[in-house]
Amino acid sequence: MLSLFEGYLLIFVALFAVNIGLFLGNFKTNNLKAIIVAVLSGILLIGVNSISSYFKDSMSFLAGNFGYLFIVAAAVLFVLTWIFLKKENNLKEVTLITAVLFYISILCIDAHIDGFSVFDSLLLTLFLVIIMFVVYQLSKLLFYAKREYSLIVGEFMILESILIFILGLTYWSVKELDYSMFSAYLILTPTYKLVYVIILIIFILIVGLYYNDKQLKKR
């Protein structure tokens, strides 16, 4: 069973991977460049995981205040979404700031996880690389949607900021839960239920677009 901070770390890595994967689709880059970006992001994640232990003491004050960190991250992400939708040629800057925001958040969370092994770091990195590249591949289907691709990316970022905001609001109540009372803690928390709903919506959207693409090719 994952600990609270390990669960948060997993969510942030997943959100970051999907976000960058969608950005890569907007850049319309080729598969090789997408793989390179995904691998470099994974290598950077390994680096963050490796140095996080050196920040345990300096970040100890965050232990009871992670809710505020999540709320600030959500606010910054929401502003970035507005900038992205307002002027799309700022995408490179938005991508860079988003990456910096998430790696800082991952570092802060990771610094509070005890016993994070090299194997765990490699698994997390593989998780990041796979999600990022798969989302990039699936993003090609989103160009068949009636809505502009930039609006689809912006809508995801808004959902992302709302989810992180909910993490911030529920942090203190979730932190006080007695883990021994739950056999499936991660399933019972409302934030993880929201993650499942978002994943289901994205899956339905992708299947629908794929089916629509097949129908158009038959005509």
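Modeller: Gladly! Let's begin where two helices meet: F5, Y8, F12, N19 and N26 in α1 touch F66, F70, L77 and F84 in α3. Please keep in mind that this is a predicted model.

Biologist: What makes α1 and α3 roughly parallel?

Modeller: The axes of α1 and α3 cross at roughly 10 degrees and come within 14 Å. Angles under 35 degrees count as roughly parallel, therefore α1 and α3 get that label.

Biologist: How do you know that the length of helix α1 agrees with its number of residues?

Modeller: Helix α1 covers residues 4-27, which is 24 residues. The expected span is 1.5 Å times one less than the number of residues, so α1 should span 34 Å. The C-alpha atoms at its ends are 35 Å apart, which agrees.

Biologist: What makes α1 "mostly covered"?

Modeller: Of the 24 residues in α1, 20 are buried. For the protein chain, buried residues make up 44% of the 219 residues. Just after α1 comes K28, with a positive phi of about 55 degrees.

Biologist: How many aromatic pairs are there?

Modeller: The count comes to 10 aromatic pairs. One of them joins F70 and Y171, whose ring centres are 6.3 Å apart with planes at 85 degrees.

Biologist: Why is the pair of F70 and Y171 called edge-to-face?

Modeller: Rings pair if their centres lie within 6.5 Å, and planes over 60 degrees apart count as edge-to-face. With centres 6.3 Å apart and planes at 85 degrees, F70 and Y171 pass both tests, so the pair is edge-to-face. F70 sits in helix α3 (residues 66-86) and Y171 in helix α6 (residues 149-175), so the pair links parts of the chain 101 residues apart. Both F70 and Y171 are buried. They also belong to one aromatic cluster, along with Y8, F12, F16, F66, F102 and Y103.

Biologist: Now for helix α5: why does V118 count as exposed?

Modeller: V118 is found in helix α5, which covers residues 118-142. Exposed means over 50% relative accessible area, and V118 has 64%, so V118 counts as exposed. V118 and I46 are 72 residues apart in sequence, while their C-alpha atoms are 8.5 Å apart in space.

Biologist: What about T125: buried or exposed?

Modeller: T125 is found in helix α5 as well. Buried means under 20%, and T125 has 9% relative accessibility, so T125 counts as buried. Not counting residues up to four places away in sequence, T125 touches G42, I43, L45 and I46.

Biologist: What does the secondary structure of the protein chain come to?

Modeller: There are eight helices and zero strands, giving the pattern α-α-α-α-α-α-α-α along the sequence. Among contacts with a separation of 6 or more, 89% are between residues 24 or more positions apart.

Terms used
Residues numbered from 1 in each chain as written. Predicted model: local features only at pLDDT ≥ 70, side-chain atom pairs only at ≥ 80, totals over all residues. Heavy atoms only, no water. Helix = DSSP H or I, 4+ residues; strand = E, 2+ residues; numbered from the N terminus. Buried < 20%, exposed > 50% of the residue type's maximum accessible area, 1.4 Å probe, protein only. Contact = heavy atoms within 4.5 Å. Phe/Tyr/Trp six-rings, centres within 6.5 Å; stacked < 30°, edge-to-face > 60°. Axes fitted to C-alpha atoms, helices over the stretch in contact; angles between N-to-C directions. Parallel < 35°, antiparallel > 145°, perpendicular 65-115°, else oblique.
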